[in-house]
Amino acid sequence: KYLRVTAFRLGRPLIILIALGSNLGSHEGTSPLSSVVQDASRFLGRAAVIAAGNETGRAHHHFGTIPSGQEWDDVEIRVGPEESARGFSLELWASTADTYSVGFVSPSGEIISRIPIIAKNETSIPFLLEPTVITVNYQLIESGAGKQLIFMRFRNPVAGIWKVRVYNTQYFTGEFHMWLPSEGLVSDETVFLRPTPDTTITLPGNTAAPITVGAYNHLNNS
């Protein structure tokens, strides 16, 4: 607000640079920060320029499809030893009006069956063979995107291959997205084993109005 008022008082254009990004959210420009940036870009003489992030090759995004008639799909995540101490979060966003629920398989093979959907309720699941606790929160209709969000938090996860077992409980397309935190918030060893390089512009760069800038280094394909 201070910048807008000052630019108006001086009669000058205003460029707002946001050189940061997050993997949280629907990646559809529906977050509160996206709304603020969108509003700031609607007027003549104002523009927002946002970094696209460096997530394309980080293996932090998975796009899944569960065919009609298939009960579940296992999404494999390799968890590095650094996350054993600090933990990490994970988000699943449904496409259109699909509804999902989740279960888990630990690196030792311990299976947590499908966790029932209870709106506005957090479920904490301790493991018997590992010191891990996973907290699951279902939001059937997230207020911004209007789609289901499943927020998962892993505390003290042992290093190894974890499986998130995704069940489709209301089928329309069978499509869903999952995102790990962006670079710097998880170690390089914590990745999806079947990553998808698309839909990796970080928030708020996925907002419609601003200019979102990325770069490609052809010398080392980064």
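Phe88, Phe104, Phe127, Phe154 and Trp162 form one aromatic cluster. Rings of Phe, Tyr and Trp (its six-membered ring) pair if their centres lie within 6.5 Å; planes under 30 degrees apart count as stacked, over 60 as edge-to-face, the rest as tilted.

A word on the source. This is a predicted model: local features need pLDDT of at least 70, side-chain atom pairs count only at pLDDT 80 or more, and totals for chains, interfaces and linings use all residues. Residues are numbered from 1 along each chain as its sequence is written, and side-chain values use heavy atoms, leaving out hydrogens and water.

Back to the rings. The structure holds six aromatic pairs. Take Phe88 and Phe154: centres 4.6 Å apart, planes at 10 degrees, so this pair is stacked. Phe88 sits in strand 5 (residues 88-94) and Phe154 in strand 10 (residues 149-155), so the pair ties together parts 66 residues apart in sequence. Strands here are DSSP runs of E, at least two residues, numbered from the N terminus.

Buried or exposed, what is Phe154? At 1% relative accessibility, Phe154 is buried. Buried means under 20% relative accessible area, with a 1.4 Å probe and protein chains only. Phe88 is buried too, at 5%.

Phe154 also pairs with Phe104, edge-to-face: 5.8 Å centre to centre, 90 degrees between the planes. Phe104 lies in strand 6 (residues 99-105), so this pair links parts 50 residues apart in sequence. Phe104 is buried, with a relative accessible area of 1%.

Technical notes:
Helices (H or I, at least four residues) and strands (E, at least two) are DSSP runs, numbered from the N terminus. Buried means under 20% relative accessible area, exposed over 50%, partly exposed in between (1.4 Å probe, protein chains only).
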